[in-house]
Amino acid sequence: MAIKETGAERNRETRRRDGVTGLLAILRREGLLVEASEGVERIFPGSFTTNSREAAAGSFFVCKGYTFKKEYLEMAERQGAVLYMSETDYGISLPKILVKDIRRAASLAARWFYDNPGEELFVTGITGTKGKTTTAYILKSILDTKSPGKTAIFSTMEVFTGKESRISHLTTPEPAELQSYFREARENGCGYVVMEVSSQAMKLSRVYGERFPIGIFLNVDDDHIGGKEHATLEEYVNCKISFLAQCDTVIINKETRFFDQVLAGCAGKRVIVYGHDSSCDGIIRNMVSSASGSRFELGYEGQWYAFETSLAGGFNVENVAAAILAAFVMGIPTGTIEEGIRSIHVPGRMMLMEYNGIHIVVDYAHNYLSFLKLYQAVQETFAPRRIHSVFGSQGERSPVRRRDVGVIAEKYADYVYLTADDPGYENVTDICEEIGKHITKPCRIIPDREEAVRAALSAAEPGDVVILAGKGAEETQRVQDGFVPYISDAKAAQKWIAEQKSHFTK
C-alpha cells in the first residue's frame, strides 16, 4: 500500500498556516464545539498531550480523565502549554476550546494533530470477550507472510509499529498514543495495522472518528462489569456492538451470545458470519485438534479449503477461521494464508510445554468464557488424569469475575492454587479468599506467583496437566498504581523444568 506522504505534508502545511481552524471546523461539524477563545485560530501547537507531566513549550493540553484536577492544567501552563481543551472553563489566562464531550473531542483532536494517519493504512479492528490477541497475531502472521515487515499490531501484549515494540498496558491505546502509533506505522512503511478494540475503548471514545475496513466480532459474555468498567452487562454488550458502526465489512462468530443483537448492529454493512452451522458464510467442519496443532476445513463462497495450524483447541480454530476470512476479504491468496497460519506463536496464549509426562499450559485466560474454553481445550487435547490450575483475579474488578473463575475451577480443576494477578490496591490474600469461597476442591492460597507455579508443578505427576492462567507471557504485575517485575508464567515454568533436568542429571 502506497504511503501518501505528500498528503500528510500538505496537511501539516495547512495547520501551520491556519492554526486550529481545521480542528474547530471538525468539532463544529460534530456538534461538539461550545466556545473558543478569541484568536485561538492563530495558535499552532507543537505537541499534543493529555498528561500534564509531558506538557512542554507549545503544547496543546487536553483536560480529561475521571480524576482530572485543575492543578494538572496549571502544571501544563507552567510548563509552556499554549492551548487547552476541556468541558469546563477553568478561568485561567490560557487560550481554550470548550466542548460538550471531551473524550470524543480528544479523539478528533488527536486525529487532526497527527494528520489522520489511520486513513492511509488498512486497519482491521478485533473485538470480543475472548480471543482478540490470538486472532490479531494470527492475522498479522498471514499479513507478514504476504508483505514481511509491513504489518503493525496494537494488542494487549505489545504495540509494534514496524520497527519498535513496546509493552502495552492498555488493550486499546488512548487517542494521543493511538494516533502517534498510526503515524509511526505509516512512517515505518507499514501498509496494515491489526488492532484490538476493547469495550472500554468504545465507552471512552478512544477510537472515535476512526474507520475500519474490516471489523471482527469474536464473542461477548459476562465480564468487565464493575465500578471502573461497565455498569451493567447491557452496557458492556452495547459498547462492543457500537464498534461495528465504524466498520465497512464485519466478520461475526455465529456462536456468540446476543448474536441477533450483534447482527442488528451491522445495518448497512457487508456481513460475513462464520461458525459450525451450515447456514454460515464461513463454515468450519472436520476439525481435529491435538497437542501438536489443529486441522480443519473452511467453506467459503462455494469452495472448501483445508488448513493446518500449530494452534491447539477448538476455540483457536474459530479464531483462525475469523482471521482467514479477513484475509479472503483483503484478497490474499490461499497459499499465502496456508503458510501464514501453519506455525504461529502467540505470546502467553495456549503456550504448551512438557516435562516427564506432565503437560504445562500457559494462557492469558482471566474470565469465565476464556477459562471455560481453556478447560475444554485441555480436556479435548490431553484427556488429562488430573488438572492443576494456578490463577488469581485482578484487583479493583467486579466480584462477579472472581465468583465465575472460582465456579469454573470448581467444575473442571482437581487442584487449585490461588495467587497474585495484578492486585492493584487490593490485598492478594483477600482476592484469593473471595475466589476460594466458590471452591471445595483442594485449594491453596500462595500470594507469591512464582512460588504458586512451582508448587503446582512439583505436585503434578505424569498424565497431569498444569494450567498457568491469567498472566501469559506478561513480565510485570500491576501493584497499586505501578508495575513491578515478574518473571512471567512461561519463564517460571521453564526455570522449574531446567532445575528438574539439572537435578536428574547430577
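## Strand pairing around S4

Two strands count as paired if DSSP finds at least two bridges between them. Helices (H or I, at least four residues) and strands (E, at least two) are DSSP runs, numbered from the N terminus. The structure is a predicted model, in which local features need pLDDT of at least 70 and side-chain atom pairs count only at pLDDT 80 or more, while totals for chains, interfaces and linings use all residues. Residues are numbered from 1 along each chain as its sequence is written, and side-chain values use heavy atoms, with hydrogens and water left out.

Strand S3 (residues 59-62) pairs with S4 in the parallel sense over three bridges, and Phe61 has Tyr84 in S4 as its bridge partner. Between S3 and S4 the chain passes through helix H3 (residues 70-78) in a right-handed β-α-β crossover; that is, with the strands pointing away from the viewer, the path from the first strand over the helix to the second runs clockwise. S4 also pairs with strand S5 (residues 96-99), again in the parallel sense and over three bridges. Here Met85 stands opposite Ile97 in S5.

## Side chains of S4

In a regular strand the side chains alternate between the two faces of the sheet. In S4 (residues 83-86), Leu83 and Met85 point one way, and Tyr84 and Ser86 the other way.

Strand S12 (residues 247-253) and strand S13 (residues 270-275) pair in the parallel sense over five bridges, with Ile251 opposite Ile272 in S13. Together with helix H9 (residues 259-264), S12 and S13 make a right-handed β-α-β unit. S13 runs parallel to strand S14 (residues 282-290) and is joined to S14 by two bridges; Gly275 has Ile283 in S14 as its bridge partner.

## The second largest pocket

A pocket is an open set of points on a 1 Å grid over the protein atoms alone, where a 1.4 Å probe fits, with protein on both sides within 12 Å along at least five of seven lines; lining residues have an atom within 4 Å of a point. The second largest pocket holds about 250 Å³ of space, the volume being the space filled by probe spheres set on the points.

Its lining has 14 residues, and Arg104, Met202, Tyr208, Ser242 and Gln246 lie nearest the centre. Helix H7 (199-203) and helix H8 (233-242) each supply at least two lining residues, and H7 gives the most, with three. By class, the lining comprises six nonpolar, four polar and four charged residues.

Terms used: Buried < 20%, exposed > 50% of the residue type's maximum accessible area, 1.4 Å probe, protein only. Nonpolar A, V, L, I, M, F, W, Y, C, P; charged D, E, K, R; others polar.
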